[in-house]
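Please look over the sequence and the model shown here before turning to the notes.

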Amino acid sequence: MILQAIGIGIIGMCATFEWALGTNLASRPIITGVFVGLVLGDLRAGIVLGGLMEMVFIGSVTMGAAVPPDSITGGILGIALAVSTGNGAGIALLLAFPIARLYLFIDNFLTLHLFPVFLKKADRCIEKGDFRGMAKIHLLSGFVIKSLPRGIVCGAGFYLGTPVMRWLLEILPAFVREGLSVTVEYIPALGIAVLATMTLTGKTAAYFILGFALAAYLKIPVIGVTILAVCIAVILVQLQDSGQTITEQEEDEDF
């Protein structure tokens with residue numbers, strides 16, 4: 001149990017490292033779930049639950065000052081506790097959002113109270129012309145404020161929470177567990193709906209309807225629809241680039 005808790009903590013800590021290298025979505029539940037499954041010895045469950053959690057948090061994207069619930073801790077701990085208790089997707093869904101919201105408060109507290117300390121030190125380095133020192137402080141602040149606390153919360157939460165969750169599941173009424181199992185079936189639709197509210201406009205609605213028609217009436221698999229969507233996106237980008245090139249040439253000729 002201790003080694004597994006350490007592994008879960010390392011996953012939570014390392015998931016934020018992508019922010020130092022450019023966001024590549026390695027911190028999303030669909031990725032972290034795979035590593036959680038490996039640590040707990042159930043890769044299949046990690047992949048399945050990771051995909052489920054991704055649908056739940058698919059709209060959780062930071063936009064300006066609007067910070068969503070923390071999908072890293074919520075996804076990792078939700079998946080880990082679900083796998084360790086053997087109760088699957090229902091428990092992962094039950095735990096993910098409360099954990100994500102709780103850690104959001106922790107993250108905001110650390111950011112508001114500790115970041116200014118590092119910023120003052122970085123300002124002193126800039127005044128001295130020590131740009132290498134400023135870069136070190138930048139990386140150190142990210143590790144101390146963003147990475148290390150997530151690792152501690154994920155590791156400690158898994159170690160302390162697994163026995164408690166097993167006890168709660170034993171006393172949980174059967175109809176509640178059945179209700180959670182039914183609720184899980186609606187999660188993909190909920191994730192798509194959340195994403196649609198962010199991206200669906202008058203210009204993109206036609207593509208959404210086209211994808212639905214291809215899958216529902218022509219029975220084309222999801223992979224086939226995805227390949228077609230990628231091809232359409234590439235063609236549209238090429239047409240847009242060629243249109244901009246023609247416009248620039250016309251402007252040059254006018255001069």
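**Briefing: helices, core and selected residues**

The axes of helix α3 (residues 29–40) and helix α5 (residues 71–85) come within 9 Å and cross at roughly 35 degrees. Axes here are lines fitted to C-alpha atoms, for helices over the stretch in contact, and angles run from 0 to 180 degrees between N-to-C directions. The model is predicted: local features need pLDDT of at least 70, side-chain atom pairs count only at pLDDT 80 or more, and totals for chains, interfaces and linings use all residues. Residues are numbered from 1 along each chain as its sequence is written, and side-chain values use heavy atoms, with hydrogens and water left out.

**Overall make-up**

- The chain has eleven helices and zero strands; helices (H or I, at least four residues) and strands (E, at least two) are DSSP runs, numbered from the N terminus.
- Of the 255 residues in the chain, 34% are buried, where buried means under 20% relative accessible area, exposed over 50% and partly exposed in between (1.4 Å probe, protein chains only).
- Among contacts (heavy atoms within 4.5 Å) between residues at least 6 apart in sequence, 74% join residues at least 24 apart.

**The crossing of α3 and α5**

- This crossing is right-handed; the term applies if the near helix is turned clockwise from the far one by less than a right angle, and left-handed applies if anticlockwise.
- On the α3 side, Pro29, Thr32, Gly33, Val36 and Leu40 take part, and they meet Ser71, Ile76, Ile79, Ala80, Val83 and Ser84 of α5.

**The nonpolar cores**

- In the largest nonpolar core, of 29 residues, those touching the most other members are Ile8, Val36, Leu40, Leu49, Met53, Ile76 and Phe158. Such a core is a set of buried Ala, Val, Leu, Ile, Met, Phe, Trp, Tyr and Cys residues joined through side-chain atoms within 4.5 Å.
- Two or more residues of this core come from each of α1, α3, α4 (43–56), α5, α6 (88–128) and α7 (131–171).
- The most come from α5, which gives eight residues.
- Another core lies apart from this one and has six residues, including Phe118, Ala122, Cys125 and Ile145.
- Leaving aside neighbours within four places in sequence, Val36 is in contact with Ile8, Ile11, Ile76, Ile79 and Ala80.

- The 13 residues of α1 (residues 2–14) should span 18 Å at 1.5 Å a residue, and the end C-alpha atoms are 18 Å apart, which agrees; the expected span is 1.5 Å times one less than the number of residues.
- Buried in α1 are Ala5, Gly7, Ile8, Gly9, Ile11, Gly12 and Met13.
- Gly12 has a relative accessible area of 0%. Not counting residues up to four places away in sequence, Gly12 touches Ile72, Ile76, Ser147, Arg150, Gly151 and Cys154.
- Met13 has a relative accessible area of 18% and is therefore buried. Its C-alpha atom lies 5.5 Å from that of Arg150, although Met13 and Arg150 are 137 residues apart in sequence.

**Helix α4**

- The buried residues of α4 are Ala45, Gly46, Leu49, Gly50, Leu52, Met53, Glu54 and Val56.
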